Amino acid sequence: MAGEGGRDVLVPVGDSETLRRTVTYAVERAYASVTEDADEGEVTVDTVGTPLTLHFVYPARWRTVEADPADVESARTLLDRVVAWAREDLDGLTAEDAPETVVFESSIVGTNEYVFSPGDFADVIAGYAAANDVQRVVVDPSFRPGGSAPILRSFEAELADRGFDVLEAPVTRRTRRSLPFTAIGLPEFFVVFSASFLFYLALGGWHVTDPYELITGVATAGVVAVTLASVALKGEVPNLRFVAATLARLAAYTPILLWEIAKANVALAYVVLHPRLPIDPRMVEFDAAVWGDMPVTTLANSITLTPGTLTVDVSRQHFLVHALIPDAETDLLDGKLERLVRFVFYGRESARIASPRERLDDREGES
């Protein structure tokens with residue numbers, strides 16, 4: 001719960017397109033408060049001559065067990081930039097010989113905690129605010145800690161529940177000026193039409209000799225291709241030979257994944273039914289040797305489908321996985337699923353790349 005009497009202001013900081021304008025707004029509002037230029041009457045200035053402190057706070061959101069020094073340095077650099085902006089804005093509001101009315105503090109919070117949801121971020125902000133007697137928070141409208149999943153409560157609502165006077169900076173985001181359409185030609189149109197037509201026939205039970213099914217299928221696929229072909233493909237038309245080979249390897253991968261799921265189910269059932277319940281949860285981090293949206297998504301979902309492991313976060317190739325038992329971590333670092341996913345998307349040669357454990361050992365040996 002925020003304090004009752006703090007007049008200082010806190011601004012959560014994260015890299016966003018409206019951060020610069022949010023800083024300007026926060027400085028202007030803080031300056032108006034201490035000089036009684038604000039006519040709203042929300043603030044009683046009973047400490048004239050005492051500078052107001054504007055706190056810029058960066059909630060750590062690298063979601064890792066041990067913070068990467070590069071991430072910490074990046075956060076500090078951003079805070080230094082924000083403070084420089086704020087001083088520049090304040091200099092534009094005050095005369096050269098005017099007394100100091102607003103001072104700035106910056107800090108990184110939540111570095112030793114695992115924060116994920118907006119509620120977690122609100123908790124670390126509340127901890128800092130309580131320690132510094134801050135009650136008012138100005139929020140950047142583009143600041144989205146913990147993702148933007150619609151099932152989660154907003155960061156602003158979480159702060160308000162903790163007793164803060166929350167104000168969203170009235171700054172606007174830039175609007176998208178170009179639609180996500182791509183130029184298409186006859187090959188792209190044919191690919192979308194064929195996929196739609198085959199999907200229609202599959203839904204109808206493959207009645208390929210029924211004229212009604214064929215005519216309605218062609219009409220439906222034509223409508224789909226005309227309306228969606230320009231947004232359905234992300235780049236060039238895929239090589240059909242490559243697609244066929246990938247689908248064949250994916251068909252071979254599916255029963256192996258089901259077998260791994262079955263084995264993990266048995267292992268997890270043993271742990272759950274064991275009288276001593278030998279659960280030893282831990283977070284596992286590793287950089288997977290897979291590249292591209294589809295391979296990374298396939299590996300992340302395969303890990304989550306396997307009982308005992310849950311993919312918590314993925315950033316490019318960096319995986320953060322929750323493992324319920326030590327054997328789950330061992331299997332993860334042995335890299336069987338990763339190797340199989342590489343086989344599906346890149347062929348047999350790529351399966352020979354070292355496992356995550358071998359890569360981690362090599363990295364530790366080099367350091």
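**Notes on the predicted model**

1. Helix 5 covers residues 186-203, and its 18 residues, at 1.5 Å a residue, should span 26 Å; the end C-alpha atoms lie 26 Å apart, which agrees. The expected span of a helix is taken as 1.5 Å times one less than its number of residues. Helices (H or I, at least four residues) and strands (E, at least two) are DSSP runs, numbered from the N terminus.

2. This is a predicted model, in which local features need pLDDT of at least 70 and side-chain atom pairs count only at pLDDT 80 or more, while totals for chains, interfaces and linings use all residues. Residues are numbered from 1 along each chain as its sequence is written, and side-chain values use heavy atoms, with hydrogens and water left out.

3. The buried residues of helix 5 include Glu188, Val192, Ser196 and Leu201. Here buried means under 20% relative accessible area, exposed over 50%, and partly exposed in between (1.4 Å probe, protein chains only). Helix 6 (211-232) is part of what covers the buried residues of helix 5. Just after helix 5, Gly205 adopts a positive phi of about 90°.

4. Phe193 and Phe197 of helix 5 deserve a separate remark. Because they are 4 residues apart in helix 5, about one helical turn separates them. Phe193 counts as partly exposed because its relative accessibility is 21%, whereas Phe197, with a relative accessible area of 18%, is buried. Together with Phe189, these two residues form one aromatic cluster.

5. Helix 7 (residues 240-273) has 34 residues, which at 1.5 Å a residue should span 50 Å; its end C-alpha atoms are 49 Å apart, which agrees. Among its buried residues are Thr246, Arg249, Tyr253, Leu257 and Glu260. Their cover includes helix 8 (293-305) and helix 10 (336-346).

6. Which residues touch the most other members of the largest nonpolar core? They are Val13, Val23, Leu54, Phe56, Val82 and Phe104, in a core of 28 residues. Strand 1 (8-12), helix 1 (19-34), strand 2 (52-59), helix 2 (69-91) and strand 3 (102-109) each give two or more residues to this core. Apart from it lies another core, of 24 residues, including Leu257, Val296, Val321 and Ile325. A nonpolar core is a set of buried Ala, Val, Leu, Ile, Met, Phe, Trp, Tyr and Cys residues joined through side-chain atoms within 4.5 Å.

7. As to the protein chain overall, it has 11 helices and 8 strands. Buried residues account for 40% of its 367 residues. Of the contacts (heavy atoms within 4.5 Å) between residues at least 6 apart in sequence, 75% join residues at least 24 apart.

8. The mean pLDDT of the protein chain is 81, and 84% of its residues reach 70 or more; pLDDT is the predictor's confidence in each residue, from 0 to 100. Over residues 1-5 pLDDT stays under 50, and the model has 13 contacts for them beyond four places in sequence. Over residues 41-45 pLDDT also stays under 50, with 7 such contacts. Where pLDDT is low, the predicted coordinates should not be read in detail.

Methods: Phe/Tyr/Trp six-rings, centres within 6.5 Å; stacked < 30°, edge-to-face > 60°.
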